[in-house]
Amino acid sequence: MKRRNFIEILTVGGSIAAVSPVLANPLTPSAALQRPSSVHEKILTADLVVAGGGLGGCAAALAALRNNLTVILTEQTDWIGGQLTQQGVPPDEHPWIETHGATQLYRDFRKGVREYYLMNYPLTDQARKRQYLNPGDGVVSELCHEPRVALAVLQSLLAPYQSSKKLTILLEHHIISARVINDEVRSLEALDQKTGKKIMLKAPYFVDATELGDLLPLTGTEYVTGTESREETKELHAPEKGNPLNNQAFTVSFAMDYIKGTNYTIEKPDEYEFWKNFTPSMKPAWSGKLLNLAYSTPATLIPKTLAFDPLSPNTGKPMNLWDYRRIINKDNFIPGTFAGDITIVNWPQNDYFLANLIGATPQEFKTHVNRAKQLSLSLLYWLQTEVPRPDGGHGWPGIRLREDIMGTEDGMAKYPYIRESRRIKAVFTILEEHIGVKNRALITGKETGNSAANFYDSVGVGYYHVDLHPTTGGNNYVDFESMPFQIPLGALLPRKIKNLLPANKNIGTTHITNGCYRLHPVEWSIGEAVGLLVKFASDKKVIPRDVRERKEMLTEFQDFVRSQGIETHWPEG
């Protein structure tokens with residue numbers, strides 16, 4: 001299948017109106033087109049409209065707001081915070097996050113999370129004395145915490161701007177159309193999912209911080225999806241053939257605790273027999289059945305067996321899955337506060353790779369999110385009834401689904417955890433040769449002593465190893481070392497559209513490099529840089545692309561970014 005620009009536009013009277021229809025599922029993007037409605041309940045205007053209330057969207061809004069711009073922020077669910085809240089994923093972070101390698105605002109947010117626990121929770125004296133409190137002591141992060149706490153801290157950061165009428169947040173609204181003239185977005189049309197009323201949103205600048213890059217097809221912004229071929233990108237880990245439909249798995253997370261001596265076993269899920277016996281068809285091969293403590297080690301694909309024991313955390317090797325994304329360690333709190341630990345389940349065992357959500361029809365989206373929920377419920381039921389125990393028995397019936405943690409009736413996260421989005425065709429595309437250890441060595445001719453590419457237009461930094469989960473096209477894990485990297489301004493600039501900027505997983509990466517630019521602190525850094533770019537371009541009365549193209553202006557913008565607490569280079573040594 002040839003790659004193409006997935007551009008969905010409708011030309012009307014010399015202008016371009018790129019839109020999507022009213023959706024059967026309000027969380028579903030669609031490829032079909034219609035003209036924007038001529039009837040709106042009201043029209044809202046601001047200096048900036050941000051579509052998508054995830055971490056990138058919140059960071060973009062905060063950066064603009066603190067520089068005296070007015071902002072409208074839309075969010076499809078009833079929680080802002082994206083992967084950290086509505087998707088239930090504790091932060092995936094690098095080992096230096098406490099001191100450097102993130103923006104000051106992101107570190108302020110993390111500090112706010114710790115202060116929330118210190119102010120509101122009955123912590124033990126020992127926990128209170130820890131310099132870097134980790135409420136859950138999860139393996140994945142030095143700050144594993146509850147989604148609702150992240151939500152509360154984000155709301156507190158935004159609250160002053162709401163009170164001063166500089167910020168309007170439209171929860172449970174999604175964008176259904178856009179008006180674009182001469183490559184410039186003039187307005188968006190938002191649908192209130194509760195009332196069915198439509199609102200027109202006008203601004204000189206727009207940010208797409210949606211999880212799937214929903215504004216790209218609506219505005220005619222050129223974009224790509226899926227995998228690029230090795231011939232196209234010259235990337236060491238790229239497949240021989242590209243496939244725009246081959247995207248990473250998504251996951252519907254859930255939370256659970258364990259109460260000894262009880263029985264909270266759920267009803268057997270409708271699809272349990274299917275998932276219990278499901279063996280992924282992967283190349284290279286998966287380790288066996290999906291509902292199993294064995295899985296393919298991401299870096300080597302060698303089968304690896306994990307442990308699972310709610311009563312004996314911190315068991316060492318093999319790693320105890322109970323500890324992996326644990327958000328409450330009951331021992332950090334005064335005895336009796338929590339009946340048991342609380343952990344988030346976003347594991348290899350509930351990755352869903354049977355279909356794409358990008359470009360799905362409303363019915364396809366609904367069907368596959370429901371099937372992903374069935375997979376997660378089946379995993380829960382398997383843990384309650386069949387998983388091998390260290391004592392030779394099977395199942396832990398005292399595992400309790402914690403609907404309250406996710407804020408939903410079914411206990412599943414409000415929105416699926418998205419790893420891969422539409423990606424803009426950017427002025428500059430980040431390739432594996434810029435950040436991958438082995439690919440970088442091939443470029444430099446040096447086996448050791450390499451660093452990631454030094455981008456002259458850097459507006460941020462980040463780090464994570466390249467972590468690509470199994471894909472809808474049947475590729476197993478791709479996981480390899482990267483180096484601490486920079487965020488180039490050119491990757492945040494669409495080639496054609498003048499006033500729309502990306503602030504999520506939709507920047508100018510490839511399928512490969514998305515694997516290290518998609519994590520929490522990097523998404524935040526991208527959003528914050530974009531918010532500052534809007535302020536700078538607005539003051540200079542230029543389009544964002546001009547900032548990069550004019551050397552003196554770029555230097556001035558980078559100085560501005562650094563003055564706002566954003567690192568543009570990693571420390572040497």
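I started with the terms for helices and strands: helices (H or I, at least four residues) and strands (E, at least two) are DSSP runs, numbered from the N terminus.

**Entry 1: ground rules.** I noted that this is a predicted model, where local features need pLDDT of at least 70, side-chain atom pairs count only at pLDDT 80 or more, and totals for chains, interfaces and linings use all residues. Residues are numbered from 1 along each chain as its sequence is written, and side-chain values use heavy atoms, with hydrogens and water left out.

**Entry 2: Gln 558.** I looked up Gln 558 and found it in helix α16 (residues 551-563). Buried or exposed? Gln 558 counts as buried because its relative accessibility is 8%; buried means under 20% relative accessible area, exposed over 50%, and partly exposed in between (1.4 Å probe, protein chains only). Setting aside neighbours within four places in sequence, I listed its contacts (heavy atoms within 4.5 Å) as Tyr 456, Asp 457 and Ser 458. A polar atom of the Gln 558 side chain lies 3.0 Å from the backbone oxygen of Ser 458. I kept the term polar contact for a pair of N or O atoms within 3.5 Å; within protein, one must be able to donate a hydrogen and the other to accept it, and residues adjacent in sequence count only if both atoms are side-chain atoms.

**Entry 3: the parallel sheet.** I traced an open sheet of 5 strands in the order β6-β5-β4-β10-β25, with parallel pairing. Two strands pair if DSSP finds at least two bridges between them. β6 (167-171) and β25 (500-502) stand at the edges with a single partner strand each, so one side of each has no neighbour in the sheet. On average, neighbouring strands here are turned by 15° against each other, direction ignored. For angles, axes are lines fitted to C-alpha atoms, for helices over the stretch in contact, and the angles run from 0 to 180 degrees between N-to-C directions.

I then went through the pairs. β4 (residues 48-51) and β5 (residues 71-75) are joined over 4 bridges, with Ala 51 having Thr 74 as its bridge partner in β5. β4 and β10 also pair over 4 bridges, and Leu 48 stands opposite Tyr 205 in β10. β10 and β25 pair over 3 bridges; the partner of Phe 206 in β25 is Leu 500. Along β10, Tyr 205 and Val 207 point one way, Phe 206 and Asp 208 the other way, and all are buried.

**Entry 4: helix α14.** I found α14 packed on this sheet, touching β4, β10 (205-208) and β25, with its direction at about 155° to that of β25. α14 has 21 residues and reaches 30 Å from first C-alpha to last, close to the 30 Å expected at 1.5 Å a residue; the expected span is 1.5 Å times one less than the number of residues. Of its 21 residues, 18 are buried. Lys 541 follows α14 and has a positive phi near 60°.

**Entry 5: the cores.** A nonpolar core is a set of buried Ala, Val, Leu, Ile, Met, Phe, Trp, Tyr and Cys residues joined through side-chain atoms within 4.5 Å. Which members touch the most others in the largest core? In that core of 93 residues, Tyr 517 and Phe 557 do. Helix α14 (residues 520-540) gives the largest share of this core, 10 residues. Apart from it lies another core, of 47 residues, including Trp 275 and Phe 278.

Entry 6: I traced a second open sheet, of 4 strands in the order β16-β17-β13-β19, with antiparallel pairing. Its edge strands are β16 (326-328) and β19 (399-401), each pairing on one side only. The twist averages 35° from one strand to the next. β13 (residues 254-258) and β19 are joined by 3 bridges, and Tyr 258 stands opposite Ile 399 in β19.

Pro 310 touches Tyr 258, along with Trp 322 and Trp 396, not counting residues up to four places away in sequence. Pro 310 lies in the loop between β15 (303-305) and α8 (321-324).

**Entry 7: backbone exceptions.** Most residues other than glycine have a negative phi, and most peptide bonds are trans. I found a cis peptide bond joining Lys 283 and Pro 284, with omega about -15°. Asp 137, not a glycine, has a positive phi of about 55°.
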